[in-house]
Amino acid sequence: MAKIRIGKISFWHVHAWDYTKEALAHPDTEITAVWDENPERGRSEAEKLGVPFYASLEELLDSGIDAVIADAPTRMHRDVMVKSARAGKHIFTEKVLAPTLREAREIMDEVRQNNVKLTVSLPRLNDGYTLAILQALKEGLLGRVTQVRVRLSHNGAIAGWLPEHFYSLEDCCGGALIDLGCHPMYLARLFLGEFPVVVSARFGALTGKPVEDNAAVLLGTGSGAVGIVETGFVNSFSPFTIEVHGTDGSLLYGTPEEKLLVRTRAKGEEYAAKWHELPVHGSLPSAFKQWVGHIQNGTEAEENIRAAVELTVLMEASYRSAREGGAVRPESL
């Protein structure tokens, strides 16, 4: 089988080279072309790869490629992905799919009409701890879920290692929440087991950047369960943490060690009396590898796409809540 020829759309995102390296390492894919909204950067990266740089996106899409990896600024997602889908190119992209549901729907319409295979990088959906937590919920160890809290933050804004363009409101359409906060947001939604009906967000800008560098979002569900999403660019030693609480038990991950702990009535007095460690087994293949499989097998990344669209809705609602200063209802899917 011939290798899937991939055109690299932009090296704007901090993970652009991560996906490039994954494509280079995969036995069934190769990078054959580069386009970048910043021509100087694009030419430089294309030279490193030893592939042509194309001055326009249309030229790249007409260069004989089969697919694209889109790492352009968030504000450009709709335009580059609609054009790619109309050209019949399969699409792998960094989160978020789009900053608004309207744009996400436009992308999805073109993807479906042109039989394009789309996958969005939501990597923590594939990690072993996520799978283990879902299994614990499936087994009823926590009873009815009442609260989920997920926190992911780093010190990029105070340590100076995050690229300056990640503080551009125009390019990013937001700050810490729409970037790093995507991960705790889609995990909180997953573990709640139901889509939130109300969203309330609060932002802070400790470093005075044009976008938020500190954020918390409260998710309310129809059943009464609550989700708490926390993120930021200004926290030096904050571990990635997950808490899931229910009527029969509680589950903790990463507080602070990368261990999955449970305390539950569902397994008898011993498990109710103290915390027990649950095994965390292997992860699923990466989102990129799953995307390649969908292209090769003619399948659809249904769960991934559903999670990506829901993430866009929750992000859009969060930013509206922060602007308006109150709780809002997310748009209907």
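Hi everyone. A search of the whole structure turns up one cavity of 30 Å³ or more. By cavity I mean a set of points, on a 1 Å grid over the protein atoms alone, where a 1.4 Å probe fits but cannot get out; lining residues have an atom within 4 Å of a point. Before going on, some housekeeping: this is a predicted model, where local features need pLDDT of at least 70, side-chain atom pairs count only at pLDDT 80 or more, and totals for chains, interfaces and linings use all residues. Residues are numbered from 1 along each chain as its sequence is written, and side-chain values use heavy atoms, with hydrogens and water left out.

Back to our cavity. The largest cavity has a volume of about 70 Å³, a volume being the space filled by probe spheres set on the points, which are joined across faces, edges and corners. Its lining is made up of W12, H13, T74, K95, V96, F166, C172, I178 and D179. Those lining residues split into five nonpolar, two polar and two charged (Ala, Val, Leu, Ile, Met, Phe, Trp, Tyr, Cys and Pro are nonpolar, Asp, Glu, Lys and Arg charged, the others, Gly among them, polar).

Two of those names come up again: K95 and V96 are joined by a cis peptide bond, with omega about -5 degrees. V96 sits in the loop between β4 (90-94) and α5 (101-113); helices here are DSSP runs of H or I with at least four residues, strands are E runs of at least two, and both are numbered from the N terminus. Another cis peptide bond links T255 and P256, with omega about -10 degrees, and P256 lies in the loop between β11 (249-253) and β12 (260-264).

Now for phi. S10 is not a glycine, yet has a positive phi of about 75 degrees; S10 belongs to the loop between β1 (4-9) and α1 (16-25). N115, also not a glycine, has a positive phi of about 55 degrees and is in the loop between α5 and β5 (118-121).

Finally, the overall picture. The protein has twelve helices and 13 strands, and 54% of its 333 residues count as buried. The C-alpha atoms fill a box of roughly 65 × 50 × 40 Å along the principal axes.

Technical notes: On a 1 Å grid over the protein atoms alone, a cavity is a set of points where a 1.4 Å probe fits but cannot get out, and a pocket is an open set with protein on both sides within 12 Å along at least five of seven lines; lining residues have an atom within 4 Å of a point. Buried means under 20% relative accessible area, exposed over 50%, partly exposed in between (1.4 Å probe, protein chains only).
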